[in-house]
Amino acid sequence: MSPKNSAQHTTTTITLVMLHAMGIVSLLGAELTGIKNGPQWWAFQPLGNAQTPTLHNDEWSTSDLDRFILDRLQSAGLKPSPRADRRVLIRRATFDLTGLPPTQTEVDAFVADGSPDAFAQVLERLLASPHYGEHWARHWLDVARYSDTKGYVYAREEKNFIQASPYRDWVIAALNSDMPYDQFLLRQIAADQIEPEGSPHLAAMGFLTLGRRFLGVTHDIIDDRIDVLMSATQALTVGCARCHDHKFDPIPTSDYYSLYSIFRSCAEKVVPCSATNPGTPDFQSGLLERQTKLNQAMSARREEQAMRVRNRITDHLLAQLELEKYPDETFTQIIGESDINPIFVRRWQNFLTETAKNKNRIFTAWHVFEKLAPDDFASLNNVATQSLKSLPPEALHPAVKRFFQTPPASMREVAERYGELLTSINAQWQKWLQKSPHATALPSAEDEELRRILYAADSPCSVPDEHLANNEWFFPTSVVVELWKLQAEVDRWLIQSPDAPAYTTILTDRSVPTTARIFLRGNPLTKGDEVTRHFLHALAGEKPRPFTQGSGRLELARAIASSANPLTARVMVNRVWAQHFGKGLVATPSDFGKRADPPSHPELLDWLARRFMNERWSLKELHRHIMLSATYQQNSFGPDNASDLTRAQELDADNRLLWRMNTHRLSFEEMRDAALAASGELDLRLGGRPTELFASENKRRTIYAKIDREHLPTVLSTFDFANPDLSIPVRNDTIVPQQALFGLNHPFLAARAKPLMAKLSTTANTSDLSKLSQLYSTLYQRPPSAAETSAALTFLNSSAPAKKSEASAWLYGFGEWDEATRKVKSFTPLPHFTGSAWQGGDAWPDAKLGWAQLTATGGHPGNNRQHAVIRRWIAPQDGMYGITSKLIHEPTAGDGIRAFIGHSSRGLLRSCQIHHSSEQLDLNPIALAKGESLDFVVDIRDGLNSDQFLWSPKITSTAPAPLGGSGESLSWSASTDFRLTGSDSLTPWQQLTQTLLLANEFVFID
């Protein structure tokens, strides 16, 4: 073993001892990582050939699937539940397959249909519905960590993804067409290698490219791609092996860095995915103009940066002797034009490693001298020099031999001599270009060989000719800002142009794939052994065959989508089962490893997985098997016999053996869509660009609402929406007060009551009994009971007529603080209310008003001082009014904000400037006449950066009897009074409608 390898071995041993001391790994043989004997875990075994159980006295089963379930129930001494009634069954199936409620007509037709295949016909209708793909796409998008935005990015970069909506629409279309699941996966991993240019299937690669951007840090972006790919398709937590061998599962770090190497060998590229629709001439000319500016700037900056490196070759070679001074990618780096860029230091490091492997004759001397230990250099350098003199030209470049006729005193001098040689070659090339401007090589073959070290496409001096997302780390920070602004102009043209065709971001293989080395303890600066690009040991065997086709990504995709892979079919079958029953046969759909519980019905899981593959990986066929079973069609109450029910509740309280159907609360998307469907407003158009969730004009299905990774609407989090930062296999299922408060206070549900009642009031018979019957039919697909009718009529007859609400004392707008007059120069109302904020439009920041926004508790000023945000309060009566308020600016970034309290006639009353601090802004009572106003103004300080603030003033009146009637104080709170102003109160009928929309019968299935 060479000294270098010995040191590496020692370092690895020390690392393992340290990890053992920290409790991360054990040093006891097979317990070290769980790798030994790991493949014997059930998940890695081939699919079994389970035989359908033979049962006695079985009058319940209608399919082989049921026999697996009943066999387990009988073994436990339990009995299944009776079939659900038809109204429940069609509601369950319709929501399960389309995410929408059935209509009364559909319910009546099914209830009246006595044919034995009536339910099968319902399923065929639902599976053929285009809304099937919309609903089931949402389940996959949770797993795919879908978002329309990148998350936090620097302001220089466009935050919206180009590829988001094309990917979402591709998933919907793929599911509607019942694309075989193996092809569904292949295209999401490697469509670029199996589809022609312009193919709509290229949009599938959004699966890999829609993750967080991590401020451009490549290692984290790749880690995210590894995680989503392996957890989604294999239900394995491969990311745990980034720093050390997986503690529990048979996944060594070599497997993680094999996948890392595959993705490191790929680059992002923006391409059209609509070959038949290139866009209008205006769109094409606008795109060409922006792309030309970007490409010209990119070419110029690439050459400028490469020349900076060529002009400082010696510095980059000297840096190889102190690599610890040059950190890897980190978003805290600010690189100036005169700085040695760590990226190029690392490129030279990798380049020199490759020259040692391929015995490049130019760097033979470097590798001879680098083997000398520093303490032995002075005594051995002469011997090394003599050995070089004896080498033939094919082993040592003649020019290099001339530079090492005398022994160098140190490795530093070796680097300086190489730097001098390559610098002289660069000068020779520049001089030659003056004579022959169109030259592509030096006349001398030996000189040209040296020149190519500096100028070849794979030179360590060059910047890759790739998308900015791939090469931004190569440039000085100022250049990165310039290029991202140009890239953002291209991106925004593709995103915002109304006639733009679909574009997407794919991965493409680089011409020369990367051979990765293990990052010891996950540190990219401390590299261990090289790894081949291959599939997981647990699935491919002890010695997995290396991938040889480019990056290996297509080979990886085929290994995942292979019928020989026991995990892929098991994982997807389990995901579908979990959506139908509320819990998978394996309770952790994205983790089939040793920390997960084994399947509740292992034979059934394998039986379904094998049928799934044999039936051309058809998801729709899988739905049929599940939903036509007696297991699926059980009621959710349990057996009719009281003793059977009690026994089931005692022995299997979690219903893992499925002795009844689980109840299911609608997701937020289902609830919102069902409310819009009930009111007759639901827009059923398929596909297209996202819309703000609570934009007043947005009546589309919720799957088309914009998902902002950085600013996810609070209501989505309240209702357990999937975190778009992560691959989410199962949503949380919480019941919290905020959910009820949304239904009571948010304008969305109240707004649905109005058109629904308006629709019912236009029918011929508008009597109260008729309208009540129609209302229950629309919402619940049944007539009201006698008790419900009595309660509703009592409420309607006793409710006072609706009155128009008084206008709020608060107004929300923007304008400018006039330094000269010390007053607000102008006040313009903010035009758009999202349900939780006033701002410029659906999108935030708005194209015209920028970041200007006011919420109940604070807000954000606009992009400049002409767009200060203004919370205005108007006095309702003459009186004395005091102010209590606290202004808070939390961020450490930026330079803070300015704030003013102004009077409509007297001008400035209080002001301050704060940064990462707070200030109490109170006022003793002052006299105000009716109609006079107070303005609470916030604008930026010197620059726009992290200017969000908290400020919710409270105004108290100490006026005597004319205001309060009894001399008591009245108060107005910016936070509690915050609402959509000028809205009408609901009529008693509309109040009843809103109540019924909030009831469990509407919000729950079963």
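Helices (H or I, at least four residues) and strands (E, at least two) are taken here as DSSP runs, numbered from the N terminus. The model is a predicted one, so local features need pLDDT of at least 70 and side-chain atom pairs count only at pLDDT 80 or more, while totals for chains, interfaces and linings use all residues. Residues are numbered from 1 along each chain as its sequence is written, and side-chain values use heavy atoms, with hydrogens and water left out.

Trp617, in the loop between helix H25 (602-614) and helix H26 (619-627), has a phi near 55°, a positive value in a residue other than glycine. With 5% relative accessibility, Trp617 counts as buried; the cut-offs are under 20% relative accessible area for buried, over 50% for exposed, and partly exposed in between (1.4 Å probe, protein chains only). Phe214 is not a glycine either, yet its phi is positive at about 50°. Phe214 belongs to the loop between helix H9 (206-209) and helix H10 (218-234).

Next comes the sheet. Six strands make up an open sheet, running E7-E6-E12-E19-E15-E16, with antiparallel pairing; two strands count as paired if DSSP finds at least two bridges between them. Strand E7 (823-829) and strand E16 (907-914) are the edge strands, each with a single partner strand, so one side of each has no neighbour in the sheet. From one strand to the next, the twist averages 25° (axes are lines fitted to C-alpha atoms, for helices over the stretch in contact, and angles run from 0 to 180 degrees between N-to-C directions). In general, strands of a sheet pair through backbone hydrogen bonds, either parallel or antiparallel. Here, E7 pairs with strand E6 (residues 810-818) in the antiparallel sense, over six bridges. Trp817 has Val824 in E7 as its bridge partner.

As for charged contacts, the structure holds 58 salt bridges, each defined as a side-chain nitrogen of Lys or Arg within 4 Å of a carboxyl oxygen of Asp or Glu. One of them joins the side chains of Lys159 and Asp708, at 3.2 Å from N to O. This pair ties together distant parts of the chain, 549 residues apart: Lys159 sits in the loop between helix H6 (130-143) and helix H7 (164-176), and Asp708 in the loop between helix H28 (668-679) and helix H29 (714-718). Both Lys159 and Asp708 are buried.

Asp733 and Arg665 form another salt bridge, with the closest N and O atoms 3.8 Å apart. They are 68 residues apart, Asp733 in the loop between H29 and helix H30 (737-745) and Arg665 in strand E5 (residues 664-665). Asp733 is exposed at 65% relative accessibility, whereas Arg665 is buried at 16%.

The side chains of Asp725 and Arg709 also meet in a salt bridge (3.3 Å, N to O). Here 16 residues separate the partners, with Asp725 in the loop between H29 and H30 and Arg709 in the loop between H28 and H29. Asp725 is partly exposed, with a relative accessible area of 24%, and Arg709 is buried at 7% relative accessibility. Elsewhere, salt bridges that share partners join Arg87, Arg782, Glu788 and Glu1001 into one network.
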